[in-house]
Amino acid sequence: MTTPVLHDARRIVVKVGSSLVTNEGRGLDEAAIGEWSRQLAALVRGEGGAAREVIMVSSGAIAEGMKRLGWAQRPSEVNELQAAAAVGQMGLAQMYETKLREQGMGSAQVLLTHADLADRERYLNARSTLLTLLRLGVVPVINENDTVVTDEIKFGDNDTLGALVANLVEADALVILTDQKGLYTADPRREPNAQFVHEARAGDPALEAMAGGAGSSIGRGGMLTKIIAAKRAAGSGASTVIAWGRERDVLLRLARGEAIGTLLVAQTAKNHARKQWMADHLQLRGAVTVDAGAAAKLQGEGKSLLPIGMVAVAGDFSRGDVIAVRDAGGTEIARGLANYASSEARLLCRKPSSEFERLLGYAAEPEMVHRDNMVLMQR
Ligand SMILES: Nc1ncnc2c1ncn2[C@@H]1O[C@H](COP(=O)(O)OP(=O)(O)O)[C@@H](O)[C@H]1O
Ligand SMILES: N[C@@H](CCC(=O)OP(=O)(O)O)C(=O)O
């Protein structure tokens, strides 16, 4: 059986769970991390197909930290879990760095919290860092910044983080690698007769009833967080595959279009999902008025808005706020996320990007609103 979903995916987020990464808590599984690194490198280089951009979201810091600290039992105190995460993250990052470097790949450690992605300014910063890393051909390796959060550490929710990252970078697909072949109609550890689910609609409420909690003492979220993550990823048009992380060449075979694991298909097309989100969910904090040339570039050519085309700025907004883009007659022609605060935008009106550094004291993006963060209004 083949499926085009992964075959056609150009930007892929891969999430691996603690039990796989740490060999059920026995210690970092060097061979497994080496295997995924080999496959990630082949995907980035486009060996045997199109080149892909890949982001790794890896759990395992707490489990590895516990091993390094000689703790047999997972502590219940949050500060001890945080300490374990800080210890284990050193080993985790080092292992990915070593294994990716052996493949000739650069890697980067990125630690995020859910709150980082809820704050629009930090959301934009995280997004532009990750997109820059991808452009440089570097593999970002992401984990939760467990030192500064408490809720996430209690629930261990890297499945959600994987989905939020997929939303953030508008990935085409989210691959969740775990210790089961995929989703069954019930937890196979408890129900040996449970049936395998090959394909379903992401967000189908029936799936939540099938999913139980974590099967081992190492993993945290179980299948339920994976099902909810798939629903979230589908919100920005990404389909999800849940598959066994030790399946031979799992990532390469998925990218070839092989149907492995459980495919949870996003119902909304990627662009449509993002436009809906922009159009429906965000409050306008201000507006910029643009000249006829800029309006034509946005509407006719789908280009980004550059400050050189701006003639006026209204309202008091920050970087990351949603603003309206108006034509000279006052009609809203687009809306999107501002790269500059209103005070900065006022300085940049009618200015070319070569002057930004002198005007602001730092060099930043050439666009006021990047076209990826913009939706055009219906004419
Ligand atoms: N319906 C289901 N299908 C498959 N696995 C399930 C299901 N319900 C619960 N599980 C359990 O979820 C576990 C995977 O979740 P978890 O232990 O959190 O892994 P990870 O560390 O990969 O996130 C499986 O080992 C399995 O016991
Ligand atoms: N940030 C934590 C993640 C814990 C977590 O979500 O674990 P899992 O359910 O195995 O993906 C860690 O690295 O230990």
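**Core, sites and helices**

Mentor: Start with a contact list. Val175 is in contact with Ile12, Val14, Val241, Ala243, Leu251 and Leu254, leaving aside its neighbours within four places in sequence; two residues are in contact if their C-beta atoms, placed from the backbone, lie within 7 Å. This is a predicted model, in which local features need pLDDT of at least 70 and side-chain atom pairs count only at pLDDT 80 or more, while totals for chains, interfaces and linings use all residues. Residues are numbered from 1 along each chain as its sequence is written, and chains are lettered from A and ligands numbered from 1 in the order in which they are written.

Trainee: Which residues have the most contacts inside the largest nonpolar core?

Mentor: In soluble globular proteins, nonpolar side chains tend to be buried together. A nonpolar core is a set of buried Ala, Val, Leu, Ile, Met, Phe, Trp, Tyr and Cys residues joined through C-beta atoms within 7 Å. Buried means that 20 or more other C-beta atoms lie within 10 Å of the residue's own, exposed means 12 or fewer, and partly exposed is in between. Here the largest core has 75 residues, and Met56, Val165, Ala173, Leu174 and Val175 have the most contacts inside it. Another core, of 24 residues, lies apart from it and includes Val290 and Phe317.

Trainee: Which positions does UniProt list for "binding site"?

Mentor: The unreviewed UniProt entry lists Ser59, Asp146 and Asn158; such annotations may be inferred rather than shown by experiment. They are spread over 100 residues of sequence but cluster in space, with a largest C-alpha distance of 10.8 Å.

Trainee: Is Ser59 buried or exposed?

Mentor: Ser59 counts as buried because it has 30 C-beta neighbours inside 10 Å. Its contacts, not counting residues up to four places away in sequence, include Val16, Asn143 and Asn158. Asp146 is also buried, with 24 other C-beta atoms within 10 Å.

Trainee: How is the packing of α9 and α11 described?

Mentor: Two packed helices are described by the angle between their axes and the distance between the axes. Helices are DSSP runs (H or I, at least four residues), numbered from the N terminus. Helix α9 (residues 158-168) and helix α11 (residues 222-235) pack at about 10°, with axes 8 Å apart. That makes α9 roughly parallel to α11, a term for angles under 35 degrees. Among the contact residues are Ala163 and Ala166 of α9 and Ala229 and Arg232 of α11.

Note on methods. Axes are lines fitted to C-alpha atoms, for helices over the stretch in contact, and angles run from 0 to 180 degrees between N-to-C directions. Helices (H or I, at least four residues) and strands (E, at least two) are DSSP runs, numbered from the N terminus. Angles under 35 degrees count as roughly parallel, over 145 as roughly antiparallel, 65 to 115 as roughly perpendicular and the rest as oblique.
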